[in-house]
Amino acid sequence: MANYINKNVPRVAIGAFYGQENCDITLSVTSAKDTGHDFIILPITHSNYKRFLFDQVDKDINDMQVNDNTFNNDKQHMEEWRKGHPFLKDDLIIKDNEHTDYLVGKISEWIDLDSSNHRVRTNSEIALNQQISWVSHLGFTAILAPTPTNSFANYARSLNRILGSLTYTHVWMRIPLVNEDMSCSNEIEMWERWNKLRTFCENHSKLSVALELPVDLPDEVYLERWFAEPIKAVILPTKIFLTNAKGYPVLSKKHQTFVKKLIKNKPNFVIFDDMTNKHQNGGFASYQEYIRHLNRTMPELDQIEQFASGYQDFLQSPLQPLMENLESSTYEIFEKDPVKYALYEKAVYHALLDRVAPESNQITVIMVVGAGRGPLVTRSLQAAEKAKRNVRIYAVEKNPNAFVTLQNMKSQEWGDKVTIVFGDMRKWKSPEQADILVSELLGSFGDNELSPECLDGAQKFLKSDGISIPSSYSTFISPLSSSKLHSEVSAYKDLTHFETPYVVMLQSVAILAKPQEIWKFEHPNGLMIIDNEGNPINNYHNTRYSKITFNVKNGGILHGIAGYFESVLYKNIIMSILPETHSEGMFSWFPIFFPLKTPIYLPSNSTIDIHFWRLSSSQKVWYEWCVDTSFGSSFIQNVGGRSSWIGL
């Protein structure tokens, strides 16, 4: 629904929500449009529709104020309604589809699906079905559902049955961030309530949150978990706004910070007129004008955010560079990253300074393996020029299409300083030994594009005291909560996709604990056992296993595992996608996501163990993973690489 107003600033949709139970639809829509709102939330039915909840017959019998004819007529009408009699025209506020594109329907608050009274409970379910069916028939995109009470099992059951029949309409569940009606109210209680309801409803993709903000926000650590939830609307009651010196509504600094973070996820915002009449200046329009002001004054998207635009929470399968030849467009995307190549150039520069004394005529042999279209070759030449060192460069590439570009680069730019070689680095027989071996074979998980296996094969033409760039890379994981990512994987409805890791620009997520290292690879590898041709005899030295314990301070739903890498290119030159040490401005890699088939509920202050394996056969490398907690454990996923692997 959001679009762009200038220079990468996302524009959010802002709706109006009036507190009155009965209203004139034409006047309400006109008022909302006149005050600059993009949509309006209105009750579906008139208040007189409530008569079907406590049918008048029962009340009249108790009061002994009804004759037999009235009793029989009312009873018949009631039973016809229960059988499925349509709405009466006067029961409806939303009578037709004239304003469908501008409206969100509001289900009646008086519906009580968990009443102890059987008749009230039954009538409530009929009323709920009738209201949702009507607005779904009209083609509404969204409905606002009442907040679940402390007891809501039947509410969830009824709603879940309806959700399965909806084709276009989504249900926004109204969830106050804090339960202000309780003396011991807190945000955790409301999140727990939401979590239980959506679990009852099988995490249905058409059920989302309309999060209502309170006057006093809880601590930031409690707010973070909501970013992992499917928030489609943010309700801002007028009472939460402060008054500035000119009498206009503004939000507190804490509210501003939270709202700006929410804007990045592009929910709809809703101004709820709670009839407090706190701000006279500017009228009702001033609230949405203020939110638009916050929207307009947000910082422009940085280079990473611009690059990732449209890719947030979008699942991508990792590359298979050994099995598949990359397309030119893929190379072009990676070559636009100035930070990565600047770091590589810096690493080669310092390696040359350390390798060769000043004023020396010695020629340093640099081999760029997996050269692609040649950006590392160009950077190595620039590093040599800057260091004032003589170099001879070999560029080795197996992709025949990329090799055409290398031929063009040699004839047009590099000349005799570079020898280009078509072939697999693992099988090439080099004419001389290299002083420096340069590669960009890392994946989002560090080793998931087979850098260890490739460099094992290339190590035979590196001098015994030679330098590998990168010299090492470490893999990190952290437990992750994201109902959005889990829903995306669930949509495939098979085990294979739950046993496949995905490269993804994480946005609608909550990281439940700080990332920890699980393993590391170093190059050159002095422990590798080789055959007569210098190749490793087997690949067992590249298998790994790690068990890491995480302490989860603030609870949540564990949906999967986030993965990152941190690489030492040379000495203190670090290239990283680990949040704590992320190379600023670098966008070549997004984190990797390993899903869990069955989400696990983690209460606050819980401990979990994550087991991770990197395994290998003669044809492939794969990962297996599982989680063990005292609250539930997962099965070991992707056993034997049955669903996903990287081909050797």
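What follows is a short chat about this predicted model.

Q: Where does Gln 637 sit?
A: Gln 637 is in the loop between strand E28 (632-633) and strand E29 (646-647).

Q: Buried or exposed?
A: Gln 637 counts as buried, because its relative accessibility is 0%.

Q: OK, and what does the side chain of Gln 637 reach?
A: The backbone oxygen of Pro 595, at 3.0 Å. A polar atom of that Gln 637 side chain also lies 2.8 Å from the backbone nitrogen of Lys 597.

Q: Which residues does Gln 637 touch, leaving out those up to four places away in sequence?
A: Among them are Phe 498, Glu 499, Tyr 623 and Trp 625.

Q: Switching to rings, how many aromatic pairs are in the whole structure?
A: A search finds 27. One is Tyr 49 with Trp 110, a tilted pair at 5.8 Å centre to centre with 50 degrees between the planes. That pair links distant parts of the chain, 61 residues apart, and both Tyr 49 and Trp 110 are buried. Another is Phe 445 with Trp 519, which is edge-to-face, 6.1 Å centre to centre and 80 degrees between the planes.

Q: Which cluster do ring pairs link Phe 445 and Trp 519 into?
A: The cluster also holds Phe 594, Phe 612, Tyr 623 and Trp 625.

Q: Last one: why is helix H9 largely enclosed by the rest of the structure?
A: Because 9 of the 12 residues of H9 are buried, including Tyr 287, Arg 292 and Asn 295.

Methods: Residues numbered from 1 in each chain as written. Predicted model: local features only at pLDDT ≥ 70, side-chain atom pairs only at ≥ 80, totals over all residues. Heavy atoms only, no water. Helix = DSSP H or I, 4+ residues; strand = E, 2+ residues; numbered from the N terminus. Buried < 20%, exposed > 50% of the residue type's maximum accessible area, 1.4 Å probe, protein only. Polar contact = N/O pair within 3.5 Å; in protein donor to acceptor, adjacent residues only side chain to side chain. Contact = heavy atoms within 4.5 Å. Phe/Tyr/Trp six-rings, centres within 6.5 Å; stacked < 30°, edge-to-face > 60°.
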